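Biologist: Could you put the model up, so that we can go through it together?

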Amino acid sequence: MDVTADIEAAENIKNSLKHLQKLRVSLQSLFDNLGNGPSEGQENQAYLRGIQQRLITMDNAFTELENAGNSLPSNNPPQSINTMALSLEPENESFESFHNVLNSYTWTKRMQEYSMCASSLLRDNQLKRTGPSNGLMAKRNKREVHNLPPTHVDGIISRLKTSLEHKHQDTKLDYYRPLGDSTVLVLTIEKMMKVIIVFRGLLPERILAKGFAESTSLDNGQVDIWSGSKHKVFQLVSQHAQSAMLHFNNPLCPDLNLYHLVNWLHTYKDLFTAECQYCNKILNNGLPPTARGFDKATAPAKYHPQCASSAAR
Ligand SMILES: [Zn+2]
């Protein structure tokens, strides 16, 4: 170890600090003098000479500090800002960047976790039996998104209407486009229930079940998408259908989601005649089995809401 060099470096640092102190004192003196202005009875010329003298002193102190600084051992500046050093700041509450960096980190970390979770879910639910083959899937990835043009949506709903009404004579599917690109679909199941589904593109956004006798239109003839049913049984069906809407939500196959959702809703045709698969009764607390499983879209398990949680255990 070169002790002499170290002593010299320490001396240089000491001198630099002295010069820095001198510069600060002269700067403080200058600012004080400027702030206070000329003293009583002092002529302007004398005051300006005083200022000039202080500026010269400060200039000398700066030159000395600069020379002392040049003699210090060189130290490479950091190539990039090291955010890790932010956590070493003793008063990190005093500036915003620490919080901003922390928020960005938390957000990115969470997004990474969600995307990994979504990726594994999609991998496990590839709809092998009813879904398209890999070749078709690749094509869908390129062109199909939820926000499809209205003509494309009309085509899909029209095909669904034809196949559904052909398969179930008791069912009717009507669709309207009251405002913009949003589509309103009204599914009538026998003379028992009506379901209103509001879509943006092919993404269902709202779903409401009502009794057959309840009105589904406003005074101006448009579909009433806001008023819920006054009957408890259809309110429960609406709640459960909201869950189904979220369940049948494969981002790669929006048309298949719609197909599954409508077929699942159609299973409510036996709402008032089917037995609960847990307690084997039709009525429980005066209500039929309004909860349906999502495992099979065309033949789901049927439960009373209070039996569904017991059956799941
Ligand atoms: Zn039950």
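**Strands, a helix and the cores**

Modeller: Strand 2 and strand 3 are paired in the antiparallel sense, with 8 bridges between them; please keep in mind throughout that this is a predicted model.

Biologist: Which residue is the bridge partner of threonine 183 in strand 3?

Modeller: Threonine 183 has phenylalanine 199 as its bridge partner, and the hairpin of strand 2 and strand 3 has 3 residues between the strands, where glutamate 190 takes a positive phi near 50°.

Biologist: How many bridges join strand 3 to strand 4?

Modeller: There are 8 bridges, and the two strands run antiparallel; arginine 200 has leucine 203 in strand 4 as its bridge partner, while the hairpin here has 2 residues between the strands, with glycine 201 at a positive phi near 65°.

Biologist: And how do strand 1 and strand 2 pair, parallel or antiparallel?

Modeller: Strand 1 (residues 171-176) pairs with strand 2 (residues 182-189) in the antiparallel sense over 6 bridges, and aspartate 174 stands opposite valine 186 in strand 2. These two strands form a hairpin with 5 residues between them, and glycine 180 in the turn has a positive phi of about 60°.

Biologist: Changing topic to helix 6, which of its residues are buried?

Modeller: The buried residues of helix 6 are Phe234, Val237, His240, Ala241 and Ala244. They cover an arc of only 120° around the axis, and therefore lie on the same side of helix 6.

Biologist: How far apart are the end C-alpha atoms of helix 6?

Modeller: They are 23 Å apart, which agrees with the 22 Å that the 16 residues of helix 6 (residues 232-247) should span at 1.5 Å a residue.

Biologist: Last topic, then: which residues have the most contacts inside the largest nonpolar core?

Modeller: Those are Val195 and Leu265, in a core of 29 residues, to which helix 5 (150-167), strand 2, strand 3, strand 4, helix 6 and helix 7 each supply at least two residues. Leaving aside neighbours within four places in sequence, leucine 265 is in contact with Leu187, Val195 and Ala241.

Terms used:
Residues numbered from 1 in each chain as written. Predicted model: local features only at pLDDT ≥ 70, side-chain atom pairs only at ≥ 80, totals over all residues. Helix = DSSP H or I, 4+ residues; strand = E, 2+ residues; numbered from the N terminus. Expected span 1.5 Å × (residues − 1). Buried ≥ 20, exposed ≤ 12 C-beta atoms within 10 Å, placed from the backbone. Arc of directions from axis to C-beta. Pairing = 2+ DSSP bridges. Core = buried A, V, L, I, M, F, W, Y, C linked by C-beta atoms within 7 Å. Contact = placed C-beta atoms within 7 Å.
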